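Thanks for coming, everyone. Please have the sequence and the 3D view open while I talk.

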Amino acid sequence: MDYTFQYPEASLTVDAAIESVASHLAAAPLWYGHGTDNPDDEAAWLVFHVCGIDYPIPDGAYAQSVTKQQLQRIDELLSRRVTERQPLPYLLNEAWFAGLKFFVDERVLIPRSPFAELIADGFQPWLGDIKPQRILEIGTGSGCIAIACALAFPDAEVVATDISPDALAVARENVARHQLEDRVQLLEADLFNGVPGKFDLIVTNPPYVPVEAANNLPEEYNHEPLLALKSGNDGLDAARGILRDSAAHMQSHAILFLEVGAQWEALDSACPELPFMWLEFEHGGEGIAMIAAQSLVTANR
């Protein structure tokens with residue numbers, strides 16, 4: 001199939017370019033789930049990016065003319081998306097999370113967590129009167145959750161860890177872009193190893209894909225770092241380690257928010273002694289448990 005534009009003699013509008021890209025995407029055997037869930041939204045993202053149109057979309061953007069040079073760039077990105085099956089955020093080096101723009105490449109997972117909704121709501125009503133002064137994120141990847149937390153809680157110090165030096169390099173770039181070097185500390189660590197002090201809030205989206213399931217994911221996922229996806233035969237190795245060691249790093253009033261996605265029922269069954277509260281999300285997503293420090297202390301005695 002030919003995935004290139006047939007350049008018209010008259011100038012093409014942004015709206016027409018989006019329609020053309022969407023039709024090519026829809027005709028290809030692609031998987032969505034890295035920031036969009038359909039070809040129309042992905043086409044709009046691609047065209048807006050190339051044409052320098054940012055969010056919120058300004059009036060008149062759809063009627064804007066697309067230059068031949070921009071069409072050529074759109075064509076190049078469209079061709080790579082279809083033939084290489086790369087997720088669009090990697091092709092653009094751009095991802096959005098909690099209304100914020102981040103740099104991403106194949107050293108980190110593409111942000112797509114319902115944590116964005118929790119952060120936007122200030123973790124309410126769950127935090128209640130707790131005003132977190134120290135926040136810890138385990139497995140920060142691109143740094144998006146840590147950065148969004150720092151912006152949501154401007155008086156808090158945020159510590160963000162990752163086992164991958166490559167991921168931390170990306171996170172460091174994003175911390176600098178958001179001018180948070182003075183409040184977001186990045187540490188190379190395997191879970192809690194070497195993490196100092198205690199925290200009022202711990203957030204974590206660790207690897208949780210079972211090994212066998214990871215081997216059968218759509219092609220787009222093969223571009224993501226397997227270290228950030230796979231976690232043992234049942235996908236719960238990292239979650240177990242976090243639940244085992246969290247209490248020692250939590251203030252008595254602290255709360256842990258742990259994401260395990262579609263593995264939430266498996267974790268619930270594997271840890272019957274823990275009173276998880278599984279959260280519901282208005283904007284989609286699943287698999288984030290909330291659990292208080294005192295419950296973890298009791299369970300780990």
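This is a predicted model: local features need pLDDT of at least 70, side-chain atom pairs count only at pLDDT 80 or more; totals for chains, interfaces and linings use all residues.

Take the S7 end. Strand S6, residues 157–162, pairs with S7 in the parallel sense, over 5 bridges. Find Val-158 and look across to S7: its bridge partner there is Val-184.

Now go to the other end. Strand S11 covers residues 288–292. Strand S9, residues 250–259, is joined to S11 by 5 bridges, and the two run antiparallel. Strand S10, residues 277–278, also runs antiparallel to S11, with 2 bridges joining them. Look at Met-290 in S11. Phe-257 stands opposite Met-290. Is S11 enclosed or open to the outside? Count the buried residues: 4 of the 5 in S11 are buried, so the strand is largely enclosed by the rest of the structure.

Next, empty space. Rolling a probe the size of a water molecule over the atoms shows where such space is left. How many cavities of 30 Å³ or more does the count give? The count is 1. The largest cavity holds about 30 Å³ of space. Its lining includes Trp-31, Tyr-32, His-34, Glu-42 and Arg-81. By class, that lining has 5 nonpolar, 3 polar and 2 charged residues.

Let's stay with His-34. It is found in the loop between helix H1, residues 14–27, and H2. Is His-34 buried or exposed? Its relative accessibility is 5%, and the cut-off for buried is under 20%, so His-34 counts as buried. Its side chain makes a polar contact with the side chain of Glu-224, at 3.2 Å. Leaving out residues up to four places away in sequence, His-34 touches several others, among them Trp-45, Ile-110, Arg-112 and Tyr-221.

Now an open space: the second largest pocket. Its volume is about 780 Å³. The lining takes in 25 residues. Nearest the centre are Gly-35, Thr-36, Trp-96, Pro-111 and Arg-112. Thr-36 also lines the largest cavity. Which elements each supply at least two residues of the pocket lining? Helix H2 (39–51), strand S3 (95–97) and helix H5 (115–120) do. By class, the pocket lining has 12 nonpolar, 9 polar and 4 charged residues.

Last, the backbone. Most residues other than glycine have a negative phi, and most peptide bonds are trans. Here are some exceptions. The peptide bond from Tyr-55 to Pro-56 is cis, with omega near -5°. Pro-56 sits in the loop between H2 and strand S2, residues 65–66. Gln-124 and Pro-125 are also joined by a cis peptide bond, with omega about 10°. Pro-125 is in the loop between H5 and strand S5, residues 134–138.

Then positive phi. Ala-98 has phi near 55°. It lies in the loop between S3 and strand S4, residues 100–102. At 36% relative accessibility, Ala-98 counts as partly exposed. Leu-191 also has phi near 55°. Look for Leu-191 in the loop between S7 and strand S8, residues 199–204.

How values were computed: Residues are numbered from 1 along each chain as its sequence is written. Side-chain values use heavy atoms; hydrogens and water are left out. On a 1 Å grid over the protein atoms alone, a cavity is a set of points where a 1.4 Å probe fits but cannot get out, and a pocket is an open set with protein on both sides within 12 Å along at least five of seven lines; lining residues have an atom within 4 Å of a point. Grid points are joined across faces, edges and corners, and a volume is the space filled by probe spheres set on the points. Ala, Val, Leu, Ile, Met, Phe, Trp, Tyr, Cys and Pro count as nonpolar, Asp, Glu, Lys and Arg as charged, and the others, Gly among them, as polar. Buried means under 20% relative accessible area, exposed over 50%, partly exposed in between (1.4 Å probe, protein chains only). Two strands pair if DSSP finds at least two bridges between them. A polar contact is a pair of N or O atoms within 3.5 Å; within protein, one must be able to donate a hydrogen and the other to accept it, and residues adjacent in sequence count only if both atoms are side-chain atoms. Contact means heavy atoms within 4.5 Å.
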